[in-house]
Amino acid sequence: MDKKICIVTGANAGIGKQAACQIAKEGYHVIMACRNKERGKTALDEIKKANPSSSIELQIVDLGLRESVVNFVKEFNSKYERLDVLVHNAAIFNVTQKVRKETAEGIETLWATNHLGPVLMTQLLQKNLEKSDNGRIITIASKGLLAKPRLKVNLDDPEFLSNRFNVVNAYYQSKLAQIIYTLWLSQNFKDTNITANCIRVTAVKIDISRHPDLSAFMKWVYSIKAKNSISPEDMAKIYTDLAVSSKYNNISGKYFDEHSDMVTMPKYCIDKDNIKAVMELTKKYIPEIGEV
Ligand SMILES: NC(=O)c1ccc[n+]([C@@H]2O[C@H](COP(=O)([O-])OP(=O)(O)OC[C@H]3O[C@@H](n4cnc5c(N)ncnc54)[C@H](OP(=O)(O)O)[C@@H]3O)[C@@H](O)[C@H]2O)c1
């Protein structure tokens, strides 16, 4: 494959779909990593219809399941050796979720999907990223963390086994862990050609039709919120910029907002002891990360 290769997870909807489309337009070969074949195929067809010259394909993965991530990487390796950009866009957050749920592999779903899946996928694709002149890992966090300055990753109970389940805390905890993982990667890869940066996504319009369970009240709340939200296309431009622009060739361990400006990471995430503790916790689930 002569073209640069980019994987975008959760590329069938929202920001991920727009990013896949934009990065393909930049001349990259894009792999849309989606969990549902039908939704993935619909999005792929739409992107191809809008841009017939796009080099783009669909591969199925459920980020919440170790077995699925392992199979995804096997399939990738059967076709390609090198990976240039890995965009960890997929995440779950359903504000209506009241009770704790587990994946088929018995892990709390937000922790498994939003943190453990991206970590495992990155570790399994490290060798492929090393083959790139400038391998890039892009993780996704949230501006909403600004409203949770005291939140930490619950090192004793990240899966809400003994504490009462709270979907907001479960979601933001997974995003803190992703920022920490990004910093850890950038330090680990400092003598390599691989960079790792994180995007602080702001309020972005969501597709209400994807959330049929929302009450009439929550639909109204989202319609009000939408007035102060940017479009998925505009947010995806930051993903695309970080994925393709040469100005980021040597930039790693940074946090970017919706204007591509570098912003400060949450204080909790930059503390060395916290990084070590969260990575030691992560290693209990993903031994592939090696020395912490
Ligand atoms: N929208 C916002 O205001 C906002 C704010 C802050 C941060 N963010 C972050 O920005 C990113 C994109 O958000 P968005 O609003 O575009 O989300 P979205 O429209 O809900 O799309 C999420 C994507 O992730 C996929 N996904 C979910 N679970 C998955 C799994 N287990 N395996 C594989 N794919 C999975 C979804 O696939 P399905 O179609 O199969 O569900 C979908 O393609 C997320 O990381 C989110 O946390 C968003």
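**Exercise 1.** How many residues surround the ligand, and which are the closest?

*Solution.* Start with the conventions: the model is predicted, so to speak of local features takes pLDDT of at least 70 and side-chain atom pairs count only at pLDDT 80 or more, while totals for chains, interfaces and linings use all residues. Residues are numbered from 1 along each chain as its sequence is written.

Next, count residues whose C-beta atom, placed from the backbone, lies within 6 Å of the ligand. That gives 29 residues, with G10, G14, A91, S142 and V201 the closest. Helix 1 has the largest share, three residues.

**Exercise 2.** Work out how helix 3 and helix 4 pack.

*Solution.* Take helix 3 (residues 66-79) and helix 4 (residues 109-130): their angle is about 30°, and their axes are 10 Å apart. Axes are lines fitted to C-alpha atoms over the stretch in contact, and angles run from 0 to 180 degrees between N-to-C directions. The two helices are therefore roughly parallel (angles under 35 degrees).

**Exercise 3.** Find the strand order of the open sheet, then its edges.

*Solution.* The seven strands run in the order 3-2-1-4-5-6-7, with parallel pairing; two strands pair if DSSP finds at least two bridges between them. Strand 3 (56-60) and strand 7 (255-256) are the edges, each with a single partner strand, so one side of each lacks a neighbour in the sheet. Inside the sheet, strand 1 (residues 5-9) and strand 4 (residues 85-88) share three bridges, and I7 has L86 as its bridge partner in strand 4.

Key. A residue is near a molecule or strand if its C-beta atom, placed from the backbone, lies within 6 Å of it. Helices (H or I, at least four residues) and strands (E, at least two) are DSSP runs, numbered from the N terminus. Angles under 35 degrees count as roughly parallel, over 145 as roughly antiparallel, 65 to 115 as roughly perpendicular and the rest as oblique.
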